Every structure is written in structure tokens, then in C-alpha cells.
Amino acid sequence: MAVISIINPKGGAGKSTTALILGTTLAAQGAKVCILDADPNRPIKDWHGHSKSTLAVSLSQAASEIINEIDELADKYNFVIIDLEGTASTKVTNALGMSDFAIIPMQESSLDSRQAARAIALVRDAIRISRRDIPARVVLTRVSAAVQSRDLRAVLRTLETNKVPVFHTHIVQRAAYRAVFSYRLSLAELDPKAISGVEAAIGNAQAFTDEVVAWMRAARAGKVEEAAHVA
């Protein structure tokens, strides 16, 4: 069982996309997966119900209930993925304190870099409060599939300078990722004749999911060099 929080205090960083592609890919591999939608905009809940994916979705209620919600889901599923709201709040703090891992999506901009730093500070606070390690790692989202931009190179240098661990796999800007929410389907259910880049998006989602699983296994095995974490 693994509880994974997807966190960034800035809205529009790609949290829901990250949660959904990770959840549906794990579910397609046979894992029992539930996304706890804790975003007031309810993007995952709105998506759910049309797809044939075995991914389950649960709607989070009040901040005071999220600890019990996570506990109940963790007893039933191999993976509980929490799509957190885009603000620093009691709900976010409580969810992080219950998490085994945290993933921080961010775009390739200086503004997103500052917000990612805030997310890392929230993880550090949760570590102190819960008195347990919570490995965290950044994933770059909406990255160009063509060339590595100057902004991306600058962001990666900043993250490296500040010793912030980053996934090697970026979530690439694809029409298929937008279509997942528009059509309320998983990537595998989209029609590649009607939507461009479906196969490439599936490959990108699989590579990201594989890296997430490898990172979590390394972190649990105590291999710090493979699973560099926020301390």
C-alpha cells in the first residue's frame, strides 16, 4: 500500500493530470488504485463515470475528515493518490502527514519554481509534525516534446543547485492529455484517429509511472542515492 500526495500551492501546475495519468496507468497494470479528489474544483470527480478504467475515485469532504478518509482507502487499495487543492491549508497538511510519498508537479517557469519551493516547505513541515520521512520529488509538466527550452534548462539548473530531486521523465505537452478530461476517458480509450499524439502520450505516461514506482521502491529500501528525498 502506498499513499501518494500530488501537491503544489499554485493552481494550473498539472496536479490533476499527473494524478490521473499515474492512477489510470497503474490501474491498467492490474493494481487497485483510488484517487481521493481533494481539489475544490473536483476535476477528477467530474472525469469519473464515463471511462471503463478500473480506477476508483473518492470525493474528499472537510479537512477534519481527510485523515479518516485516507485511512479507510488505504485498507482497500494498493495505491491511494491524493489530488490536493492548490492552496496551503489544513487539509493539505493533514493529507501530507498521512502520505508515504509526495509528487510536486510544476511548469518550466520561475513562478512555478517559487511555488514548488513552497510545496517543498509544506512537505518539510509535515515531516516535522508527523515525525516520519516523506520522500518528495518534482515532475516537470507541459514540457515541449520538440526541444528543451531555455526556461526549462534554467529551471532544472535552479532545482539542481537547490538539491531538489526531479523525475527524469517529464510530462510532455500533448493534446491527448487535454482530451482525457474533455472526453472523460483514459488515454487508452481515446481514438488516435481523432486526437493527435495518443500513442506518444501513452508511452510518456508509462515511462513516468515506471519511474514513480522505481523511485518509491528505492525510497522504501533506503537507497537514498536512488530516491533522493526532502530532508
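1. The protein chain carries 27 positive and 24 negative side chains, with the centres of the two sets 4 Å apart. These values, like those below, are computed from a predicted model.

2. In secondary structure, the protein chain comprises eight helices and seven strands. Its radius of gyration is 16 Å, close to the 17 Å given by the globule rule for 231 residues, so the protein chain is as compact as a globular protein of that length. Taken along the principal axes, the box filled by the C-alpha atoms is roughly 50 × 45 × 30 Å.

3. Of the 231 residues in the protein chain, 52% are buried. Contacts between residues at least 6 apart in sequence were also examined: 74% of them join residues at least 24 apart.

4. The largest nonpolar core holds 38 residues, and those touching the most other members are I4, I81, I103, L187 and F208. Several elements each supply at least two residues of this core, including strand 1 (2–6), helix 1 (15–28), strand 4 (79–84) and strand 5 (101–106). Strand 2 (33–38), helix 2 (43–47), helix 7 and helix 8 likewise each contribute at least two. The largest share, eight residues, comes from helix 8.

5. Leaving aside neighbours within four places in sequence, I4 is in contact with L22, F79, V80, I81, I82, F101, I103 and M216. Two of these partners, I81 and I103, are listed with I4 among the residues that touch the most other members of the largest core. A second, separate core contains 36 residues, among them I7, A102, A126 and A136.

6. Where does S186 lie relative to helix 7 and helix 8? S186 is found in the loop between helix 7 (175–183) and helix 8 (198–220). Although placed in a loop, S186 has a relative accessible area of 9%. It is therefore classed as buried, the cut-off being under 20%.

7. T24 is 162 residues away from S186 along the chain, yet their C-alpha atoms are separated by 6.6 Å. Apart from neighbours within four places in sequence, the contacts of S186 are T24, W47, S51 and V180.

Key:
Residues are numbered from 1 along each chain as its sequence is written. This is a predicted model: local features need pLDDT of at least 70, side-chain atom pairs count only at pLDDT 80 or more; totals for chains, interfaces and linings use all residues. Side-chain values use heavy atoms; hydrogens and water are left out. Helices (H or I, at least four residues) and strands (E, at least two) are DSSP runs, numbered from the N terminus. Buried means under 20% relative accessible area, exposed over 50%, partly exposed in between (1.4 Å probe, protein chains only). Contact means heavy atoms within 4.5 Å. The radius of gyration is taken over C-alpha atoms; the globule rule is 2.2 Å times the number of residues to the power 0.38. Lys and Arg count as positive and Asp and Glu as negative; His and the chain ends are not counted. The place of a charge is taken as NZ of Lys, CZ of Arg, CG of Asp or CD of Glu. A nonpolar core is a set of buried Ala, Val, Leu, Ile, Met, Phe, Trp, Tyr and Cys residues joined through side-chain atoms within 4.5 Å.
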